[in-house]
Amino acid sequence: MLEELREQMLAEQAEQIARLQLRNEIRTAGLIIWGVLLLGWVIFCFVKLMKDLHNSESMKSGEIAFTCETCGASFQVSADSLARHPFTPVKTVRTGRTIRQSRRLSCPYCRKKTWCRQDMAQSYQIGMGSLGEAAGKNLFRFLIGALVLSAAGGVFFLALNIIF
Ligand SMILES: [Zn+2]
């Protein structure tokens, strides 16, 4: 009689441990899937934002003044064409709190490929303009997606705790 009871208790204990182990495994798998989804969403939104920045009106119509460091002539380059060549060498000089940038461009006056100083105020204005155009809807979409993912994760883990 006593032996039977003891065996029954042991069996119940083993069953409970197995159940807890299964729950932990499901929870771990859920966390990994959830993390991958969240990361995927962040990357997706980032790519979308970059695309929208490129296609913004400010970027398409904006022009930035450059000054050739060899001959001193000034010329305009469209922000669009700068965005399409993101790998042109850039030199950044920081004096105090102001940052100056030069890019290696072909000067249309002296025909040399040389460092040309970029007008930072114009660049800043165009950057902020296109960010303003693109940020609104992208931020909203990102937040909605993050909210949905958080809610789905919350429901999943809550359900897991109720079932097990
Ligand atoms: Zn020049």
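Modeller: We shall discuss a helix, a metal site and a nonpolar core in this predicted model.

Colleague: What should helix α1 span, given its 54 residues?

Modeller: At 1.5 Å a residue, helix α1 (residues 2-55) should span 80 Å, and its end C-alpha atoms lie 79 Å apart, which agrees.

Colleague: Which residues of α1 are buried, and against which elements do they pack?

Modeller: The buried residues are R23, G30, C45, D52 and L53. They pack against α2 (57-61) and α4 (120-163).

Colleague: Which atoms coordinate the zinc ion, and what is their arrangement?

Modeller: Ideal angles for four tetrahedral donors are 109.5 degrees. Here the SG atoms of C68, C71, C107 and C110 coordinate the zinc ion at 2.3 Å. Their angles run from 104 to 114°, so the arrangement is tetrahedral. Along the chain the donors follow the spacing C-x2-C-x35-C-x2-C. C68, in strand β1 (residues 63-68), and C110, in the loop between β4 (98-106) and β5 (113-118), are 42 residues apart and link distant parts of the chain.

Colleague: Are C68 and C110 buried or partly exposed?

Modeller: C68 is buried, because its relative accessible area of 3% is under 20%. C110, at 23%, is partly exposed.

Colleague: Which residues have the most contacts inside the largest nonpolar core?

Modeller: In soluble globular proteins, nonpolar side chains tend to be buried together. The largest nonpolar core here has 13 residues, and I64, F66, F75, V77, L105 and C116 have the most contacts inside it. The elements giving two or more residues to this core are β1, β2 (74-78) and α3 (79-84). Leaving aside residues up to four places away in sequence, V77 touches G62, E63, I64, F66, L82 and L105.

Methods: Residues numbered from 1 in each chain as written. Predicted model: local features only at pLDDT ≥ 70, side-chain atom pairs only at ≥ 80, totals over all residues. Heavy atoms only, no water. Helix = DSSP H or I, 4+ residues; strand = E, 2+ residues; numbered from the N terminus. Expected span 1.5 Å × (residues − 1). Buried < 20%, exposed > 50% of the residue type's maximum accessible area, 1.4 Å probe, protein only. Contact = heavy atoms within 4.5 Å. Donors = N, O, S within 2.8 Å, 3.2 Å for Na, K, Ca; no water. Tetrahedral: all angles 85-135°; square planar, octahedral: opposite > 155°, others 65-115°. Core = buried A, V, L, I, M, F, W, Y, C linked by side-chain atoms within 4.5 Å.
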